[in-house]
Each structure stands twice: as C-alpha cells, then as structure tokens.
Amino acid sequence: MTNDTIVIGAGLAGLTAALRLADEGRRVLVIARGVGSTHLAPPTIDVLGFADGEVERPGEALSRLAADHPYNRFPAEVIAAGIEWFKARLPDLGYRGGLEENFLLPTAVGAVRPSAVVPETMAGGDLRGGGRFVFVGLRLKDFYPAYLAENLAHRGRVEARAIEVDLPRGEDGRTLGLARRFEQPAFRDALVRDLSGRVEPGERVGFPAVLGLRKAGEVWRELERRLERPVFEVATLPPSVPGIRLYEALTAELRQAGGRLLIGQDVIGVETAGGRVESVVSEAAARPTTHRAHSFVLATGGLAAGGIKVDSRGSVKEAVFDLALAGLPATNGRPRFLPTYLDEQPLDRVGVPVDDRLRPTDTDGRLRFENLHVAGATLAGAVPWREGSGNGLSLATGYAVGTIIAGSS
C-alpha cells in the first residue's frame, strides 16, 4: 500500500504533523526508533523564553530572532494557529495560554521557566503575580522541595516553603510508581489526611509532576477540591510523567483519526528518483520493509536525539537522507565542543537548511527533494535549549508542515 505521507520520528514535531494530516483524511504512517523526547521533557509549549533576556511576550519577541531562525520561515499567525489547533485537539489535557504572554513556572531546582502554553495541572504554579507557595515532598528521588522553595523565595513577591509527606508503605520513590499510586483513591485519602492542617490559608500547593498517568485531570481537580487550595505540578527530571501523558494523548488521537505507527523501527535506507523521495526502508528484528508514499516528513531531532550524528572523527551528518547541513563551524582546527557545558557550542545551530515550504535545500539554496519536509530540532538556525523554544518550535513546524502538505495534495 502507498501511503499519502510517511513521518519519520515520533516526537512532538512528528506527531503534530501526522495528526494534522490525518485530520485532513490523509493516509499517514509514522516510523520511529523510539518514542521521542516527549518522555524526557516537560509538556509545556515553550515558544520563546529567552532572547537577550527573559521574554515576557513571546509573540512580540519573535521579531528579534535572526533571519535564518526556523520561526522566520512562516508568519507568526501560523504559530498562533498551531497553538489553537493543539489546544482544541487535546481538550482533556486542558492547555492554556498563547503568544500574548508567557507563564512563569517553577522548576524542580527553583529556577523559573517561561512558557507560552501549559497544561491545566501546571497553570496554578504561575509566578507572575507572586504569592504564597508550599511545595510538597513525596520522598521522590531528584525532587527536593526545601531546595526548590529556598531558591524560589529569592524571587521578589514570592513566599515559598516546603513540607514532607510520609507515604504509605510500598512506595518505591520513582516518578512512574508515584503516578500510578496517585490514581488509587486510598493513596489520595492518606495524602489529604497528612496535609490536613499543614497547608496555610492563601497558599498554592505544588506537587512533583506525578498526579497520575491516565487520570491526572481527575486527580488534580479532586486535590483542589479537597484541599480547598489551588494545586499545581512542578516538572521533574526524566522520565516526564506529563510528557508521557502528552505522547499517549497524541498517539491515541492519531490512531483514532486513522493514522498508523511503527515504533521501534530504524529507517535504514531510502529510495529516490528525479528529485523526489519514493520510499524508505525500515528494519525491526532484522527484517527490512519498504514503505512508499507521496510525501515524507523528517522529524528525527537534532544532535541530542540522533537525527544529526557526529562520528569519532568529528564528521557531522544528517542520519536518514544525508542532507546538507548549515551552521557547521569552520574545520580549521577549531574544536567541535567547548569544555564549559553552558557555553554556546560550535554545533548548537547545526541543522538542515530549508526553503519557505520547509523542504531541504543544499547550502546554496537549491532544493534537494521536492516532496520531503523537515520539522522540529532537525532544522538549522535555532538553539532550543538556550532560547527556551524547543516544544514551541516542534509544534509550530510540525503544524506548518502538515498544513503545507495538506494544501498541496
């Protein structure tokens, strides 16, 4: 069977493009080695958090980005449309916000994360108006509420403290185990009893982001009702329980819309002719399979995800189609990596150059494949971790690619 579109990669960019196309009645197949970065990162849509300082209004700040930034491949209206589509498409996750103003959310170490669109279970942690906060410790590894509260209290207009809860026996102290326990009524009863009388009037109550896997909205609403306080989640270190919720919601909607997923398969080959991609070859359990389609989307991520690879000799290449790369540093003896982690690294902006339809080009601007589109961190010109733009870029480019392909076929 020939698919309408094959999407390579199952992160937010790939799943957004696939679902956007499936909504238009296209036959879509997603092929991916794994589940993508959703399981590692918070589910917030961080459009733009930093550009010469902390960004308050992301829609306005987009104009300050460099001309070759991926956001400048399409109007801001496309980013806004993608956000509204995303919120409407996943109503059970209750996403809130837009391009007008960033939320300011606490992180697990007491720093602040600017984010444009956040799930309902996190929105109550917004620090913009200041206020009083109490952070609940659940003996979870890598989540230390006292440290969080102490760092956060240095921010103006914020009062923060921490309390610890004695969990019922049998808890293993890991995020997924806690998330499953939160969906048990007896566990929630014990938690509420422990917190009774310990939460002060006017405080908002922050928990690590483990308020359930499939019933997080119900758990969150119940805790707000029973504690009679605003309740919110704080993103933890991986694995990201809210990120898993987002992945499960997107893939469930994709399947319901008629899309197919092949997770756990490597794309090991491609077939091209006349400036077009004809098919890709995937492999699982040493069994190669050829998949044909009219159009293709590359959403395999950047260096961190393996979509762009660096070998032991320092050679850099795009992993599936061997596409041209932009942003490579000069090779006149300069190092590929600097010793200080938080420095802007020479390879930070490396990625695939594209035209205004997000199709890959050579470095001189010549189109490589007319029916291949690129989305997400594979694109050149952005530094998502420094800009605070990762999920925003994935959503915007995935939505744009889906819209472009749907409009041209």
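Predicted model: local features only at pLDDT ≥ 70, side-chain atom pairs only at ≥ 80, totals over all residues.
Biologist: What radius of gyration does the protein have, and what would a compact globule have?

Modeller: The protein has a radius of gyration of 22 Å, and a compact globule with 409 residues would have one near 22 Å, so the two agree. The C-alpha trace spans about 70 × 45 × 40 Å along the principal axes.

Biologist: And what share of the residues is buried?

Modeller: Buried residues account for 55% of the 409 residues. The accessible surface comes to about 17900 Å², and carbon and sulfur atoms contribute 49% of that surface.

Biologist: What about contacts between residues at least 6 apart in sequence: what percentage join residues at least 24 apart?

Modeller: Of those contacts, 68% join residues at least 24 apart.

Biologist: Let us turn to charge. How many positive and negative side chains are there?

Modeller: There are 49 positive and 51 negative side chains, and the centres of the two sets lie 4 Å apart.

Biologist: How many salt bridges does the structure hold?

Modeller: The structure holds 28 salt bridges. One of them joins R89 to D23, with 2.8 Å between the closest N and O atoms. This pair links distant parts of the chain, since R89 belongs to helix α3 (residues 76-89) and D23 to helix α1 (residues 12-23), 66 residues apart.

Biologist: Why does D23 count as partly exposed?

Modeller: D23 has a relative accessibility of 32%, and partly exposed residues are those between the buried limit of under 20% and the exposed limit of over 50%.

Biologist: Which residue forms a salt bridge with R132?

Modeller: The partner of R132 is E200, and their closest N and O atoms are 2.5 Å apart. R132 lies in strand β7 (residues 131-137), whereas E200 lies in the loop between α7 (185-195) and β9 (203-208), so the pair ties together parts that are 68 residues apart in sequence. R132 is partly exposed at 28% relative accessibility, and E200 is partly exposed at 33%.

Biologist: Which residues are linked with R132 and E200 in a network of salt bridges?

Modeller: The network also includes E159, R161 and E203.

Biologist: One more pair, please. Where do E370 and R276 lie?

Modeller: E370 and R276 form a salt bridge with their closest N and O atoms 2.8 Å apart. E370 is in the loop between β16 (316-318) and β17 (372-374), while R276 is in strand β13 (residues 276-284), 94 residues apart.

Biologist: Are E370 and R276 buried or partly exposed?

Modeller: E370 counts as partly exposed at 39% relative accessibility, and R276 is partly exposed with a relative accessible area of 28%.

Terms used
Residues numbered from 1 in each chain as written. Heavy atoms only, no water. Rg over C-alpha atoms; globule rule 2.2 N^0.38 Å. Buried < 20%, exposed > 50% of the residue type's maximum accessible area, 1.4 Å probe, protein only. Contact = heavy atoms within 4.5 Å. Areas by Shrake-Rupley, 256 points an atom, 1.4 Å probe, with all protein chains shown as cover. Lys, Arg positive; Asp, Glu negative; His and termini not counted. Charge placed at Lys NZ, Arg CZ, Asp CG, Glu CD. Salt bridge = Lys/Arg side-chain N within 4 Å of Asp/Glu carboxyl O. Helix = DSSP H or I, 4+ residues; strand = E, 2+ residues; numbered from the N terminus.
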